[in-house]
Amino acid sequence: MLKEWRLAVSFLLRECRAGQWLIVLFALILAVTTITAIDFFTDRLARGIDQQSAHLLGGDLIVSSSSPIPDSWRQKAASLHLRTADVLMYPSVISANNQLQLVNVQAVSKEYPLFGKKTDLKKLNVLTEFRLMPLLSLHQGDNITIGAASFAIQGELPGDIDMTNTGWAIAPRVLMRLDDIPATQVVLPGSRVNYRLLTAGDKKQVEAFRGWVKPQLKADQSILDVASQRENLLSSLQYADKYIQLIILFCILMCGTAITLSVRQHIHRHYEDVALWRCLGAPQKQVTGVFFRQFLIVAFAAGAAGITAGYILQLFLETIFGFYLQFPLPPSGPTPIFLGFLTSTLLLFCYAYPIISVLPRTSPLFLWRSTTSLKHYRQNTFIIITLVLLLTYVYWIMDFSLLALFILDSLLLAIGFLYVLNIFSLSLMRKLVRISNGSIRRGLSQFIQHPETAGIQLTAFTLILMSLLILGSVKNNLLGKWETKLPPNTPNYFAFNISPYDMNEVLQYFKQDKITIDNIYPMVRGRIVSLNGKPILQAIPEEARRHNALHRDLNMSSMLNYPADNKIVRGSYWNEADKGKLMVSIEKNLASDLNLKIGDKLGFQIGGENLTAVISNIRSVDWGSFHPNFYIIFPPEALNKYPETYITSFHLSQSQSTFLNQLVHEFPSITIIDIASVLKQIQGLLSKTASALQYLFMVAIMAAALIFVASLLSSMDERRETYRLLRVLGASRRYIVSSLIVEFSFLTILTICFSFAFAKIISQLLVKIIF
Amino acid sequence: MNIKTGETVAIVGASGSGKTTLLSILAGLDLPTSGEVYFDQQPLHQLGEEERAKLRAKNVGFIFQSFQLLPTLTALENVMLPLEIQYVPPKQARTEASEWLKRVGLGARLHHYPKRLSGGEQQRVAIARAFVNKRKIIFSDEMTGNLDVQTGRLVTDILFSLNQEFQTTLVLVTHDERLSSRCEKRYVLNEGILQSC
């Protein structure tokens with residue numbers, strides 16, 4: 001056993017010395033680096049959330065509600081010897097130094113926090129997240145205004161205090177005392193406020209409390225635990241996640257292409273070697289054993305090097321995203337290491353299988369006849385097995401996502417088309433050869449004489465250029481989507497929580513300052529609870545049950561004319577006669593996700609009361625328009641009996657910024673959201689993500705370029721032989737160079753045409769279907 | 001055709017007469033469509049490819065017209081190859097291979113790659129490789145075909161002197177009259193008929 005390994009190692013070292021495994025090794029390292037870097041980072045992120053779940057949540061079990069928590073729940077928790085604290089959370093705008101900033105206000109009872117050191121927060125004092133101070137040029141002791149009250153900054157929030165929502169927060173947090181809330185005059189009936197009861201204590205007692213409270217939860221109430229935290233994080237990383245998947249897939253593709261090209265050359269160069277071994281008496285089994293062991297060694301070496309490089313790269317990612325991460329990342333687990341070795345082994349065996357399947361069967365007579373008489377049926381079985389294995393692996397790496405399915409299908413189709421196009425190109429060249437002469441004829445003949453090499457190179461070059469184009473196009477689309485949709489007068493502020501009593505005055509206020517508002521819409525918060533008389537979770541398909549819209553309060557509105565960017569796709573518009581009727585208009589994607597149809601009876605719970613309405617139309621909504629939009633719209637007057645607030649959006653130029661201060665001062669209950677700064681911060685996060693991924697991709701591009709050069713050089717073996725003969729026959733250097741130029745020009749033109757065409761189609765479909 | 005231990009046999013004939021095919025059948029590389037071949041009383045024509053490979057590994061050496069040295073290996077490593085295939089420990093393989101290279105006059109060129117050796121030197125490496133395992137029988141296919149007359153003679157001298165020393169059986173396929181005349185037995189292959197002369 002050991003002697004076989006020794007033989008494999010000594011042969012491998014000699015081949016490496018001659019530079020024969022370098023391309024394969026480099027391609028494998030690159031694929032492993034990309035995959036493990038991303039996996040290390042996401043693994044650490046997930047572990048960070050798991051490990052700090054209690055701290056992140058602020059308790060072992062949290063009850064979240066959009067209405068105040070009943071006292072009896074607190075008493076029950078106390079009777080189970082659980083520690084409890086109350087938190088009230090809502091988004092608000094604070095003002096300081098004539099500047100406004102959107103913040104997440106967290107008002108806490110004196111028992112808060114349940115873990116770690118008490119905050120010792122004084123009356124009308126706040127603790128702010130470290131990011132807030134430089135944003136508003138604030139220092140400790142300065143005053144900020146929240147609603148109608150002024151607060152002194154007592155200090156910074158300790159870094160290890162709970163995050164209460166997700167690991168990725170856009171707006172900075174401000175912590176204040178719960179008993180200071182009335183002074184702000186911000187919280188009104190119907191306001192978008194989240195009440196939380198934090199509990200902590202013995203695990204059994206926590207579970208007992210969970211068992212007791214769960215059956216009592218209403219539609220607007222939920223229990224938060226580690227699982228829900230994870231979901232939050234994943235949904236906020238959704239786009240980045242898909243982009244990462246795309247990069248991984250293309251990296252595997254590029255590295256695989258490089259390995260395939262290199263393997264081809266490897267096989268051609270090794271026929272004679274293997275024939276000689278066989279001639280000298282090496283049995284087929286021994287040759288297979290040597291190659292198999294060499295594969296394992298190469299896979300292990302590439303795995304180890306790639307994992308190390310991946311670890312270093314993820315440290316770089318950590319520094320890029322450090323600003324947005326609110327907790328230190330713990331060390332990674334063993335999963336990425338396992339994944340790294342699996343990737344290198346599987347990629348090598350799948351892409352390089354011909355070395356094991358073809359080479360050992362080389363006849364010793366190859367030394368005399370230079371032909372192989374290999375039986376192809378076994379190789380075909382091998383191709384099918386490896387292809388299935390590889391596709392399953394890629395599909396698994398990409399979490400069995402729609403994106404993976406789409407890309408894999410597209411690539412298989414593209415390869416199929418390329419095969420057909422290649423046949424057409426060759427037949428076209430055959431015709432061109434007949435009517436051409438000189439170096440053009442020679443250059444074109446090179447394709448016809450080596451159709452297999454030409455076909456493989458054309459396919460490989462096209463796929464790689466296509467991948468780069470798709471990735472670039474999706475990235476630009478992702479980042480540009482938001483920016484291009486914003487004309488100069490696009491609303492950059494949202495005002496909500498406008499009470500019905502203040503509405504006319506607020507409108508007057510806008511009119512006075514000649515600020516055009518988009519429109520003002522009533523807003524009621526409620527949940528979908530039933531469909532055609534059945535509880536909603538039972539009435540819809542299983543895969544739709546985890547839909548976010550079913551597990552939170554939705555903002556619903558009532559109006560006759562929908563916002564301008566809404567279009568009816570099924571059903572009809574309402575008219576005056578429909579006022580007050582229990583009908584409902586549903587956003588298109590929500591309807592399709594929940595499998596809702598026109599005529600379905602949808603049940604809602606609004607402020608503790610139930611309401612059933614018939615779906616009368618389905619609308620498409622442009623969520624990127626920055627105008628107020630709603631999943632669910634009722635006809636006017638249908639929601640009159642429920643507490644409602646109003647929402648609007650408007651555009652303010654920089655010179656009009658004092659208007660906001662006056663508005664907030666005059667109407668303290670109004671919440672203003674500065675969309676421009678939120679958008680800017682989201683774009684910042686996305687662009688950082690994109691640039692991080694771009695760095696990853698740049699590495700891949702450089703590698704691809706290097707691999708291409710190497711592959712081109714490898715195909716030069718055949719060309720060199722032909723041109724050497726031509727030289728002997730008297731061809732001039734100029735003739736040979738111009739023939740090469742003709743050959744590569746054709747290859748380049750075909751590659752560019754095919755890759756641009758495929759990239760255009762696939763990226764447009766990708767953006768339309770996936771992103 | 002009967003070849004005894006230690007004999008030197010030449011097979012001559014026109015191009016395309018089937019000399020190389022005959023050699024590959026005798027060496028157990030190929031199977032005859034009809035007829036029988038025995039090596040040490042073992043019926044080669046009845047053995048499978050793997051059994052014939054085992055037999056070659058122990059008993060058969062080859063010298064080719066185009067040398068067939070692996071370009072990525074040094075002269076020493078090329079000679080070590082047959083030993084390594086038989087799992088001879090590396091140290092022993094290295095010592096044996098370097099001794100054989102010294103015997104063929106290449107003691108100073110152990111670590112040279114084939115492309116840095118002349119045609120004659122490459123063929124001497126091939127001779128060392130053929131003898132290294134103390135093979136019973138060595139098949140040579142046009143071994144002087146790629147060499148000039150003087151070098152060819154030098155290489156032939158080495159081959160025959162080693163043959164004398166180790167009593168190896170030599171089967172040579174050649175066009176070279178001078179080379180065939182040095183063999184104890186000569187056969188001519190003409191239109192599929194093998195005749196002793």
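Predicted model: local features only at pLDDT ≥ 70, side-chain atom pairs only at ≥ 80, totals over all residues.
## A tour of the two-chain model

In chain B, strand S5 (residues 137–141) and strand S6 (residues 169–173) run parallel and are joined by 5 bridges.

The S5–S6 pair belongs to an open sheet of 6 strands in chain B, ordered S4-S5-S6-S1-S7-S8, with mixed pairing. Which strands stand at the edges of this sheet? They are S4 (60–63) and S8 (193–196) of chain B; each has a single partner strand, so one side of each is left without a neighbour in the sheet. On average, neighbouring strands here are turned by 20° against each other, direction ignored. Helix H5 (residues 119–131) of chain B packs on the sheet, where it touches S4 and S5 of chain B. The direction of H5(B) makes about 175° with that of S4(B).

| Helix pair | Axes come within | Crossing angle |
|---|---|---|
| H3 (residues 75–85) and H4 (residues 90–103) of chain B | 9 Å | roughly 125° |
| H15 (residues 402–435) and H23 (residues 733–769) of chain A | 11 Å | roughly 155° |

With axes crossing at roughly 125°, H3(B) is therefore oblique to H4(B). The crossing of this pair is right-handed. From H3(B), the residues B:Ala75, B:Leu76, B:Val79, B:Met80, B:Leu83 and B:Glu84 take part, and they meet residues of H4(B) including B:Ala93, B:Arg94, B:Glu96, B:Trp100 and B:Leu101. Sorted by class, the contact of H3(B) with H4(B) has 9 nonpolar, 1 polar and 3 charged residues.

In chain A, the axes of H15(A) and H23(A) cross at roughly 155°, so H15(A) is roughly antiparallel to H23(A). H15(A) also passes H23(A) in a right-handed crossing. On the H15(A) side, A:Phe406, A:Ser410, A:Ala414, A:Leu418, A:Leu421 and A:Ser425 are in contact with A:Leu750, A:Phe754, A:Phe758, A:Ile762 and A:Ile769 of H23(A). By class, that contact has 9 nonpolar, 2 polar and no charged residues.

How do the chains meet? Chain B gives 22 residues to the contact and chain A gives 21 residues. On the chain B side, the elements that give two or more residues are helix H1 (19–26), helix H2 (49–59) and H3 of chain B. The residues of this side divide into 12 nonpolar, 4 polar and 6 charged.

Two backbone details in chain A deserve a look. Most residues other than glycine have a negative phi, and most peptide bonds are trans. A:Tyr112 and A:Pro113, however, are joined by a cis peptide bond, with omega about -10°. A:Pro113 sits in the loop between strand S3 (99–108) and strand S4 (125–128) of chain A. A:Glu637 has a positive phi, near 75°, and lies in the loop between S18 and strand S19 (645–650) of chain A.

Finally, a word on confidence. Chain A has a mean pLDDT of 79, and 83% of its residues reach 70 or more. Which elements of chain A have the lowest and the highest mean pLDDT? The lowest belongs to helix H8 (residues 226–236) of chain A, at 49, and the highest to strand S18 (residues 632–634) of chain A, at 93. Over residues 163–169 of chain A the pLDDT is below 50, and this stretch has 22 contacts in the model beyond near neighbours in sequence. Residues 230–237 of chain A also stay under 50, with 10 contacts beyond four places in sequence.

Terms used. Residues numbered from 1 in each chain as written. Chains lettered and ligands numbered in written order. Axes fitted to C-alpha atoms, helices over the stretch in contact; angles between N-to-C directions. Helix = DSSP H or I, 4+ residues; strand = E, 2+ residues; numbered from the N terminus. Parallel < 35°, antiparallel > 145°, perpendicular 65-115°, else oblique. Left-handed = near helix turned anticlockwise from the far one by under 90°. Contact = placed C-beta atoms within 7 Å. Nonpolar A, V, L, I, M, F, W, Y, C, P; charged D, E, K, R; others polar. pLDDT = per-residue confidence, 0-100. Pairing = 2+ DSSP bridges.
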